[in-house]
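Welcome! Have the sequence and the 3D view at hand as you read.

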Amino acid sequence: MGCSEMKTEEVIINTHIDKKISQTKFGEIKMFIHKHWVGYIMLVPFFILFIIFVVLPVIIALLLSFTDYNMLQPPKFVGLKNYELLFLDDKIFLTALGNTFLFAFIVGPIGYLMSFIAAWVINQLKLRNAFALAFYAPSITSGVAMSVVWLYFFSPDRYGLLNNLFINAGLIDNPILWTQDPNYIMPVIIVISIWMSLGNGFLVFLAGLQNINKEHYEAAAIDGVENRYQQLKYITLPMMKPQLLFGAISSITSSFGVFDIAVSVAGLPSPNYAGHTIVAHLYDYAFIRFQMGYSSAIATVLFIITYSFGHIIMRLLSTKDE
Amino acid sequence: MVKFKMTKSKMNVLKVKKEGKWTFVYIFMIALVAFTSLPLVYLISTAFKPLNELFLFPPRFFVKEPTLKNFTDLMLSLSSSTVPFTRYILNSLYVTVITVILTVFVSTLGAYSLVKHNPPGTRKLFKFIIATMMFSPYVTQIPRYLVVNSIGLVNKIAALIIPNIAVSYNFFLIKQFVEQFPNELLEAARIDGAGEFYTYWKIVMPVLTPAWSTLIVFSYVSSWNDYFSPLIYINNQALKTLPLALRTISGGGASIGRAGAVAAATMLMTIPTVVVFTSMQNKVMETMVHSGIKG
């Protein structure tokens, strides 16, 4: 262990000590393996697949954000040029940023609260499963059926349900161009998204409610916690912290990642970029203009924004020392 | 006696009041779910619409003269295609079932280890998992294709399964439920000398039923409806799955004539999802009955 150039007596003493240390070190490793091997083995299947199919692509994308890459020629390193362009020259990106923040600040919290309240109420009803299915329907039938239904509501002609209603009520004379008028695009996207985004959070909360031991309610009843709202405040919410955290993180991720609904409502690009979001911008550069480098830079910025908000929520809702 | 009678009638008044409140809750919730279930209703109603109603303008929500013609059309257009349609169904089933089983297995095993064994370094790993959840999937699609391609999975059915097993979202979901798992139960198992994997399978998994039942629904829905993976990873017509096959039917030259067949197929494709959802919700409900945990 690096003591070969020393005097002989010292070497003898040192090797003796080294031997002892290596013995204990070997022992420590043995102890370590003995203590943790099961833990690591159980994580290995997830870990390997996660590294290959999730982490590796993310790292490649991060690296690409420092390059100019059109998917035909090999990537060319350009340093921070993409980021400079993004913040200094790209006015449309700033529009997208504004739209996304507006969207996330409205849809995130409202969707989160609504899906919790719905889960809490439905969990107490008879025919719970039928209610749950009906409530989860938008998530099951994603795609075609969904877009037809909302188009039925917001169709920009006289036959659209809302226009028809308003015209008959004498509120408006001409149909409102819900999906074409820049003033209405964002509100329409927000309403449809709230409607569609409830499913997954709802289902997790529903499962979380079942995961609370009934004995907690019984024990609390002895302490005088009787009515539903006290139960909610003192038992349900504290006990469901893990699920609440999960719901919050996934609603942050999905609301900052808004794209599908925005594009199917308003198109890409939308009139006057009124429905342009960060992911729409990123998609535009990746799959229409074939500028993967620039697109990756947009994704990295979006990631930093999402992670910052996620971090705050983790701090607020974490159960342990995470 | 009189006193008793009075209290009883008082109780009845209270009960009526309470019931009135519940009636209100039911009416409100029925109105709400009537609204959220519209797409499902539309899907069913459209499958039975005759051609003239399918292209009606302004569109009508409910079917007026229901017909089964769409389903016979579907059978006809399926029998005329080069690859038998049962092939797509089998492919879809195969991909979905294996993906769901493996993702449940890998996520529960990993999350249990992370929370309860907590070997050094895994807390950092968890932060990493959360972080990857937040990176836009659109940007990682192409790097992911490069990875899948370099492993040699392209144009193999495994390309639809293996990359979709380790999903950050799924891991996070299970991990949150494992946190609620009482340590006393694990200690009791250890004292009884139960092996690690026995403990995982016989003690942890039953208690985690609400968690993995929910995960099965999520994983099933995303895998069964996955249109993107077969589109980019599979060229071989015989390896394609239902969502892509459906678009092929609807996209062909005679697309207008086939709109009915597509509506019928879309409805049929949704039925297994409803079945899976319902049976998994039943499982969630059963949990407390079977696992006598004291938290």
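With 12 C-beta neighbours inside 10 Å, does B:Asn155 count as buried or exposed? The cut-off for exposed is 12 or fewer such neighbours, so B:Asn155, with 12 C-beta neighbours inside 10 Å, counts as exposed. Please keep in mind that this is a predicted model. You can find B:Asn155 in the loop between α7 and α8 (168-178) of chain B. Its backbone is worth a look too: phi of B:Asn155 is near 70°, a positive value in a residue other than glycine.

**Loop residues with positive phi**

A:Asn272 has a positive phi of about 60° although it is not a glycine, and A:Asn272 sits in the loop between α11 and α12 of chain A. With 14 C-beta neighbours inside 10 Å, A:Asn272 counts as partly exposed. The table puts the two asparagines side by side.

| Residue | Phi | C-beta neighbours inside 10 Å |
|---|---|---|
| A:Asn272 | about 60° | 14 |
| B:Asn155 | near 70° | 12 |

The loop between α11 and α12 of chain A also holds A:Pro269. A cis peptide bond joins A:Leu268 and A:Pro269, with omega about -5°.

**Helix α12 of chain A**

Among the buried residues of α12(A) are A:Ile278, A:His281, A:Tyr283 and A:Asp284. What lies over them? The cover of the buried residues of α12(A) includes α3 (91-122), α11 (260-266) and α13 (292-317) of chain A, and also α7 (137-151) of chain B. After α12(A) comes A:Phe290, whose phi is positive, near 55°.

**Chain A as a whole**

Chain A has 13 helices and two strands. Its radius of gyration is 28 Å, well over the 20 Å that the globule rule gives for 322 residues, so chain A is more spread out than a compact globule. The C-alpha trace of chain A spans about 105 × 70 × 30 Å along its principal axes. Chain A is divided into domain 1 (8-64) and domain 2 (86-317), and the centres of these two domains of chain A, taken over C-alpha atoms, are 43 Å apart. Of the 322 residues of chain A, 40% count as buried. Among contacts in chain A between residues at least 6 apart in sequence, 66% join residues at least 24 apart.

**Where the two chains meet**

How many residues of chain A are in contact with chain B? The number is 76, and they are in contact with 78 residues of chain B. Helix α1 (residues 8-64) of chain A gives the largest share of the side of chain A that touches chain B, with 19 residues. By class, that side of chain A has 53 nonpolar, 20 polar and three charged residues.

**A last stop on chain B**

Finally, look for B:Asp192 in the loop between α9 (183-191) and α10 (196-207) of chain B. B:Asp192 has 10 other C-beta atoms within 10 Å and is exposed. The C-alpha atoms of B:Asp192 and B:Ile271 are separated by 45 Å, and the two residues are 79 residues apart along the chain.

Definitions and conventions: Residues are numbered from 1 along each chain as its sequence is written. Chains are lettered from A and ligands numbered from 1 in the order in which they are written. This is a predicted model: local features need pLDDT of at least 70, side-chain atom pairs count only at pLDDT 80 or more; totals for chains, interfaces and linings use all residues. Two residues are in contact if their C-beta atoms, placed from the backbone, lie within 7 Å. Helices (H or I, at least four residues) and strands (E, at least two) are DSSP runs, numbered from the N terminus. Ala, Val, Leu, Ile, Met, Phe, Trp, Tyr, Cys and Pro count as nonpolar, Asp, Glu, Lys and Arg as charged, and the others, Gly among them, as polar. Domain bounds come from an automatic or database domain assignment. The radius of gyration is taken over C-alpha atoms; the globule rule is 2.2 Å times the number of residues to the power 0.38. A residue is buried if 20 or more other C-beta atoms lie within 10 Å of its own, exposed if 12 or fewer, and partly exposed in between; C-beta atoms are placed from the backbone.
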